[in-house]
Amino acid sequence: MSLSVNALPADQAFSYIPAGSGNDFARGLDVSLQDTIETFDNIHKSTPQTIYVLKYESESLSGVATNNFGIGLDAAIVEAANQSLAKGLLNTLKLGQLAYLASTLKIILFKKPFQVTVNDVTFAKTFLFTLTKHPFFGGGVPLAPDANLMNADIHLVEVDRFHLLGIFALIPKVLKAKHLAHKHVHHMVDQAFELEIDSDQPVQIDGEVHQLKAHQILRITTEKRTILK
């Protein structure tokens, strides 16, 4: 999805029919995941709507993202799963989710925290750091329940690294969108973020893994796009 949007001029309207496994962008747009024929038919009678997508820029990374920009836990999970020797076999057996489950458990157990300074606020023991324009993450998890593609607000959710029992106890709260009040979860909303990390970290941008170097300044803003839905 993001590859297509990055290839289009910013003033070029586009449409979207959900066909992936996560479909978080469709959820954020309130597009039906069940009836693709209906979704296709609606495009032909739709009116243009303005949405806002993430725009990111650093010394080594630039582009737009339609879902999330994540540093830390989610990026490490995707990277580990992609490098797993068992992934190909499990995908062949249609058990590819087991690769992600195994990677998730490994990363939760062993991923070290990192420091990030964002808009002059420093988080010293960051475990998960995600910027998003819509509520959903990882196939329907409501990470930022109030995020909205129709306005220019960017939602940042940061989770500290703390004891394992607490992390596992937090997971049901995330699934029920009750996590933002937790003392180890921090939520910020702004229309622009500037951040710097203290160590090299993998980042996931709409599910694609990249690397962000330590002490490079990363700027996150939004870009207007026009969608027919």
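Buried is taken here as under 20% relative accessible area, exposed as over 50%, and partly exposed as in between, with a 1.4 Å probe and protein chains only.

**Ground rules.** I am working from a predicted model, in which local features need pLDDT of at least 70 and side-chain atom pairs count only at pLDDT 80 or more, while totals for chains, interfaces and linings use all residues. I number residues from 1 along each chain as its sequence is written, and side-chain values use heavy atoms, with hydrogens and water left out.

**Strand 6.** I took helices (H or I, at least four residues) and strands (E, at least two) as DSSP runs numbered from the N terminus, and I called two strands paired if DSSP finds at least two bridges between them. Strand 6 runs antiparallel to strand 4 (residues 68-72), with 5 bridges joining the two, and Asn68 has Thr132 as its bridge partner in strand 6.

**His134.** I then looked at the loop between strand 6 (121-132) and strand 7 (136-137), where His134 lies. His134 is buried, at a relative accessible area of 0%. Its side chain makes a polar contact of 2.7 Å with that of Asn67 (N or O atoms within 3.5 Å; within protein, one must be able to donate a hydrogen and the other to accept it, and residues adjacent in sequence count only if both atoms are side-chain atoms). Beyond its neighbours within four places in sequence, His134 has contacts (heavy atoms within 4.5 Å) that include Asp24, Phe25, Ala144 and Leu149.

**Salt bridges.** I searched the whole structure and noted 5 salt bridges, each a side-chain nitrogen of Lys or Arg within 4 Å of a carboxyl oxygen of Asp or Glu. Asp24 pairs with Arg27, their closest N and O atoms being 3.5 Å apart; because they are 3 residues apart in helix 2 (residues 24-29), about one helical turn separates them. Asp24 is buried at 8%, whereas Arg27 is partly exposed at 28%.

Lys213 and Asp200 form another, with closest N and O atoms 3.7 Å apart. Lys213 is in the loop between strands 13 and 14 and Asp200 in the loop between strands 11 and 12, so the pair ties together parts 13 residues apart in sequence. Asp200 is partly exposed, with a relative accessible area of 44%.
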